[in-house]
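Hi everyone, thanks for making time today.

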Amino acid sequence: MSNRDDINLQINKELEHFSTLDDFSVEFPSEDEMYQTIDTLRQYVPERQQKSKLDKLADLLRLSTKEIFFIDKSFWITNLTFFLIGFLLTMNTSGNPYFAIMLLSPVPFLLGLLEVFKGRDRNFLELELTCKYNAQQLMLSKMVVTGVYNFILMVFLITLLSFTGDGQMLLTKVLMYWILPFTLVASFGLLLASKLKGQIAAPLTVILWISFVGIYMSNEQLIAYMESRPVIFYIIAFLLAVIFFIFQIKKITRGVSLEFNN
């Protein structure tokens, strides 16, 4: 008889001893006893700290600062490269600087969706939900980082174009070609990312946006019509876009407390 057979025989004998446990019955506590135990232990549960909105915002910014060091280096380099190429092409081809702003305005945030939804796309969502900072908190903090980086790059680009171009840019056109497109396209990107993988949603939104800008830039009549709209038109459109953007963020963080542990 081989050693494996000896081991199997020994295991079977051990299991036969456990069969006697079937003769015993375990009495489960009654419902009243369970509730009594819960009420007894409730006094040892620490009370949830009530934080003001300012404290929650400070905690969010603190977590976002930490997330900067965990975002892939390719995100920073790729976006910076995009903006440098856009600036150089605008300067060397005497192109309309507003078109460059329009084209590049949502790109950093859209590419940032790859980082925002990385954990979910790699099937780490359940693991992240058990961590000190859960998945929704990490997503929100990464959105803050990508949004701030987007803002810094756009301010830098507008400043360069203002000093190297034909003069200072009009606030109305900045609203039309930067803030409004960013809010609308970022909201659309979040909508797609909530239904598709970030690895699909981000490139798809970028491709759709570049295609749209190409069609827009080639249509002089459409450009003239849009630029002739009153300022109130863009303000209303911007407010609606902000509402849509906030709605998409709430969809992602719905049901999750934004109180961050210290």
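When I say helix, I mean a DSSP run of H or I with at least four residues, while a strand is an E run of at least two, and both are numbered from the N terminus.

Before going on, a word on where this comes from: this is a predicted model, in which local features need pLDDT of at least 70 and side-chain atom pairs count only at pLDDT 80 or more, while totals for chains, interfaces and linings use all residues. Residues are numbered from 1 along each chain as its sequence is written, and side-chain values use heavy atoms, with hydrogens and water left out.

Is Ser-141 buried or exposed? Ser-141 counts as buried because its relative accessibility is 0%. The cut-offs are under 20% relative accessible area for buried, over 50% for exposed, and partly exposed in between, with a 1.4 Å probe and protein chains only. And what does Ser-141 touch? Setting aside neighbours within four places in sequence, Ser-141 is in contact with Leu-60, Leu-63, Ser-64 and Glu-67. Contact here means heavy atoms within 4.5 Å.

Now let's zoom out. The protein has 13 helices and 0 strands. Of its 262 residues, 34% are buried. Among contacts with a separation of 6 or more, 81% are between residues 24 or more positions apart. The protein exposes about 17,400 Å², and carbon and sulfur atoms supply 65% of that; these areas come from the Shrake-Rupley method with a 1.4 Å probe, and for residues only the protein chains shown count as cover.

Next, the inside. A nonpolar core is a set of buried Ala, Val, Leu, Ile, Met, Phe, Trp, Tyr and Cys residues joined through side-chain atoms within 4.5 Å. The largest one here has 51 residues, and those touching the most other members are Phe-109, Leu-113, Phe-117, Met-143, Leu-157, Tyr-177 and Leu-190. At least two residues each come from α4 (73–93), α5 (97–104), α6 (107–116), α9, α10 (171–195), α11 (198–217) and α13 (231–253). Which helix gives the largest share of this core? That is α10, with 12 residues.

Take Leu-190 as an example. Not counting residues up to four places away in sequence, Leu-190 touches Phe-109, Leu-113, Phe-117, Met-143, Phe-245, Gln-248, Ile-249 and Ile-252. The C-alpha atom of Leu-190 is also 8.2 Å from that of Ala-201, 11 residues apart along the chain. Ala-201 is found in α11 and is buried, with a relative accessible area of 0%. Beyond its neighbours within four places, Ala-201 is in contact with Gly-189, Leu-192 and Ala-193.

Let's stay with α11 and look at its partner α6. Their axes come within 8 Å and cross at roughly 175°. Those axes are lines fitted to C-alpha atoms, for helices over the stretch in contact, with angles from 0 to 180 degrees between N-to-C directions. That makes α6 roughly antiparallel to α11, a term for angles over 145 degrees. On the α6 side, Leu-110, Leu-111, Leu-113 and Leu-114 meet Gly-198, Gln-199, Ala-202, Thr-205 and Val-206 in α11. The residues of this contact divide into 6 nonpolar, 3 polar and no charged. In that count, Ala, Val, Leu, Ile, Met, Phe, Trp, Tyr, Cys and Pro are nonpolar, Asp, Glu, Lys and Arg are charged, and the others, Gly among them, are polar.

One last stop: α5, which is mostly covered, with 6 of its 8 residues buried. Those are Tyr-98, Phe-99, Ala-100, Ile-101, Met-102 and Leu-104. Ala-100 has a relative accessible area of 10%, and, aside from neighbours within four places, Ala-100 is in contact with Gly-86 and Thr-90. Ala-100 and Leu-161 are 61 residues apart in sequence, yet 9.7 Å apart in space, C-alpha to C-alpha. Met-91, in α4, has its C-alpha 8.3 Å from that of Leu-161, 70 residues apart along the chain. Met-91 is partly exposed, with a relative accessible area of 30%.

Terms used:
Angles under 35 degrees count as roughly parallel, over 145 as roughly antiparallel, 65 to 115 as roughly perpendicular and the rest as oblique.
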